[in-house]
Amino acid sequence: MATVVCLERDSLGLQFTLPNLKGAHEWRDYPFTTPEQVAPRLRDADIVVVNKVVLNESLLSQLPKLKCIAVSATGVNNVDLSAASRLGIKVCNIQRYSGDGVAEHTFMLMLALRRSLISYHKAQQSGHWQECGQFFYADFPIDNLKGQTLGLIGSGDLGQHVANIAKAFGMNVLFAARKGQAPSNGKIEFNQLLEQSDIVSIHCPLTPETQNLIGEAEFARMKETAMLINTARGGIVNERALLNALESKQIAGAGFDVSEQEPPAAESPLMQAAQYDNCIVTPHIAWASQQSRQILIDQLIDNIQSFLDGHPKHLVN
């Protein structure tokens, strides 16, 4: 009988019920798990369900019974894939489940920033519309997306979703080649994309190569009127450099759904940046629509069932 241990049940959403697995198994649920609790809870596990809990080589080497890591997300940067492969542990993730939600959230951030939504909302709450004496109050910049150039970093499922919506808005869409690589397949050189884009939106995974992908040098290449959107992973953008770029008006605004540390400390650079009306920060919810979470849960159970049935799917190692 297989033992399945879910270390972060709350990350799936309490309003969802997990479908039943077929065959003999034991399912153990934990709302959340601290680093010190991981090894004891997985000592006799055959399969573990994780989202953000870190499974490094040191930990995995202590779990000889473990045969499958089912990540309840697309990103697998919390799992040492090389160590898992050496130890004969299969790792599967969730794929193509939140494209619509992430793309819609990306455009929510773009529209809110380009049309100064936060500034106008605050002004209206403060009575400025009533005080101005006009039928309209337009003290803050308002720009259409149509005709603007959107630079996308990441051309996978999420990047393509965003590109399709951008084209419907009448935007000019560019895709970046990997930093330091020659452009190909219709992509343009990375720095060239930064220089030409009115909005840069990030949709790539966090890897050693993309850690601090956007820092001071990259912000210096962007237009002063440009905006940066990150609904991918914290750590891809250096948050101190972001704060400096906003404070020095090197860029015009930013919309972030992710942070280097989650939840972020109150004094972190990103939280300091969020005090400005031209920096909108949401708490890692782009993926979390009801529809997306249901797809995630259905796929998670299917991944586990497929492994138990001897034909694992969505493997990443």
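**Entry 1: Arg221 and Glu195**

I began with Arg221, which is partly exposed at a relative accessible area of 37%. The model I am reading is a predicted one. I then looked up Glu195 and found that, at 37% relative accessibility, this residue too counts as partly exposed. Arg221 and Glu195 form a salt bridge, and their closest N and O atoms are 2.6 Å apart. I noted that this pair links distant parts of the chain, with Arg221 in helix H9 and Glu195 in helix H8, 26 residues apart.

**Entry 2: Glu218 and Lys179**

Next I turned to another residue of helix H9 (residues 216–221), namely Glu218. The side chain of Glu218 meets that of Lys179 in a salt bridge, with 2.7 Å from N to O. Here too the pair joins distant parts of the chain: Lys179 sits in the loop between S7 and helix H8 (190–196), 39 residues from Glu218.

I counted eleven salt bridges in the structure. One of them joins Arg28 to Glu26, where the closest N and O atoms are 3.1 Å apart. Arg28 is partly exposed at a relative accessible area of 21%, and Glu26 is likewise partly exposed at 30%. I followed the shared partners and found that salt bridges join Glu26, Arg28 and Asp44 into one network.

**Entry 3: Asp46**

I located Asp46 in the loop between helix H1 (35–42) and strand S3 (47–50). Its relative accessible area is 15%, so I recorded Asp46 as buried. What does the side chain of Asp46 reach with a polar atom? I found the backbone nitrogen of Thr3 at 2.8 Å. Leaving aside residues up to four places away in sequence, I listed the contacts of Asp46 as Met1, Ala2, Thr3, Lys65, Leu66, Lys67 and Cys68.

**Entry 4: Asp257**

I then examined Asp257, placed in the loop between strand S10 (253–256) and helix H11 (269–273). Asp257 is buried yet has no salt bridge. I looked for the nearest side chain of opposite charge and found Arg233, 7.8 Å away. I next asked which polar partners the side chain of Asp257 has. One is the side chain of Thr282, at a polar contact of 2.6 Å; another is the backbone nitrogen of Ala286, at 2.9 Å. Apart from residues up to four places away in sequence, Asp257 touches His105, Asn230, Thr231, Thr282, Pro283, His284, Ile285 and Ala286.

**Entry 5: Strand S6**

Last, I inspected strand S6 (residues 149–153), where five of the five residues are buried, so the strand is largely enclosed by the rest of the structure. I checked the side-chain directions: Thr149, Gly151 and Ile153 point one way, Leu150 and Leu152 the other, and all are buried.

I then traced the pairing of S6. With strand S7 (residues 172–175) the pairing is parallel over four bridges, and with strand S8 (residues 199–202) it is also parallel over four bridges. Leu152 has partners in each strand: its bridge partner in S7 is Phe175, and in S8 it stands opposite Ser201. Finally, I noted that S6, helix H7 (residues 157–168) and S7 make a right-handed β-α-β unit.

Note on methods. Residues numbered from 1 in each chain as written. Predicted model: local features only at pLDDT ≥ 70, side-chain atom pairs only at ≥ 80, totals over all residues. Heavy atoms only, no water. Buried < 20%, exposed > 50% of the residue type's maximum accessible area, 1.4 Å probe, protein only. Helix = DSSP H or I, 4+ residues; strand = E, 2+ residues; numbered from the N terminus. Pairing = 2+ DSSP bridges. Right-handed = clockwise from strand over helix to strand, strands pointing away. Lys, Arg positive; Asp, Glu negative; His and termini not counted. Salt bridge = Lys/Arg side-chain N within 4 Å of Asp/Glu carboxyl O. Polar contact = N/O pair within 3.5 Å; in protein donor to acceptor, adjacent residues only side chain to side chain. Contact = heavy atoms within 4.5 Å.
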